[in-house]
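Thanks for coming, everyone. Let me put the model on the screen and walk you through a few helices.

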Amino acid sequence: MRQELLSLPKTLADDVARNLVMVARLIDEEPEEAYAYSRIALRLASRVAAVREAAGFAAYANQKYSEALAEFRAARRMTGSADLWPVMADCERGMGRPERALAMAGEPEVRRLDKAGQVEMRLVAAGARRDMDQLDAAIVTLQSPELASNSVQPWTARLRYAYADALLAAGREDEAREWFAKAAESDKDGATDASDRLAELDGVEFVDALDDSEEAEEIESVADAEFGTAVSDTDTDSDTGPETDTDGDKAPRAETESTDVESGESSRPAEAGEPRENGSDQG
């Protein structure tokens, strides 16, 4: 990307680079903001392939699939690379054309992809099969040496997750549970919600230990109890009579110390975002 930006005047290249950095920073958490920055970069340097690609991913993250596909096609024409082929096929799915996505899975461009790209294409093809209500075919599509391998690769968790999800959709719950467990075991970065799906199949239900009203009532009862103890101690001290010093003078009584009420915070299990059916994280 830096190399591509060298074709621009330095000041312009710096401006474009800043906008691309913001796209990368925001695309997961604030996709609409990322999209806005990508449009600025696109306006400044539409002839730079990296800018068209970034604009495509920003549009994809906002489910603007037609726009994303146009940007990916432009980037591919500029570079001649096949790397964007899987996400282009997924855009076809997003536009309601799973047949086209499936056709792309059989094109020669797939053979030019690296291993990660080929797995991604397999995920998209399986998703297209599911879009067409071909569950058994989706399951067969995901069955591959990469799925059977015991080694953990960057794509392993998502591939196992997609396979488990397809099995569950086909009513094969026991097998689905096994593969959700395998997906959770290999998902060190939390890319999927495999652990939650596994717990759901096991009948484990996550609830708050206290809801807001119960927590407020508990804090109030603790405060009342502490206040009652403080009052009781004061009454006890007053019954013992005034203290005197060695000269027989009455010593002033120390003020009752106030008691701080400490309240704990209830924890809520984090909810992982639900991926697309094909498990793709290209966006």
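In which helix is S195 found? S195 lies in helix 13, residues 194-201. Helices here are DSSP runs of H or I, at least four residues, numbered from the N terminus.

Quick ground rules. This is a predicted model, where local features need pLDDT of at least 70, side-chain atom pairs count only at pLDDT 80 or more, and totals for chains, interfaces and linings use all residues. Residues are numbered from 1 along each chain as its sequence is written, and side-chain values use heavy atoms, with hydrogens and water left out.

Back to S195. Its relative accessible area is 48%, so S195 is partly exposed. The cut-offs: buried is under 20% relative accessible area, exposed is over 50%, partly exposed is in between, with a 1.4 Å probe and protein chains only. F180 is 15 residues from S195 in sequence, and the two are 7.3 Å apart in space, C-alpha to C-alpha.

Next, helix 4, residues 49-61. At 1.5 Å a residue, its 13 residues should span 18 Å, and the end C-alpha atoms are 18 Å apart, which agrees. That expected span is 1.5 Å times one less than the number of residues.

How many residues of helix 4 are buried? It is 11 of the 13, so helix 4 is largely enclosed by the rest of the structure. Among them are R52, G56, F57 and Y60. What covers them includes helix 1, helix 2, helix 3, helix 5 and helix 6. After helix 4 comes Q63, with a positive phi near 60°.

Now packing. Two packed helices are described by the angle between their axes and the distance between the axes. Axes are lines fitted to C-alpha atoms, for helices over the stretch in contact, and angles run from 0 to 180 degrees between N-to-C directions.

Take helix 2 and helix 4. Their axes come within 11 Å and cross at roughly 30°. The two helices are therefore roughly parallel, meaning an angle under 35 degrees. V16, L20 and V23 of helix 2 make the contact (heavy atoms within 4.5 Å) with V51, A54 and A58 of helix 4.

The contact includes E120 and R130 of helix 8, and R158 and D165 of helix 11.

That's my tour.

Technical notes:
Parallel < 35°, antiparallel > 145°, perpendicular 65-115°, else oblique.
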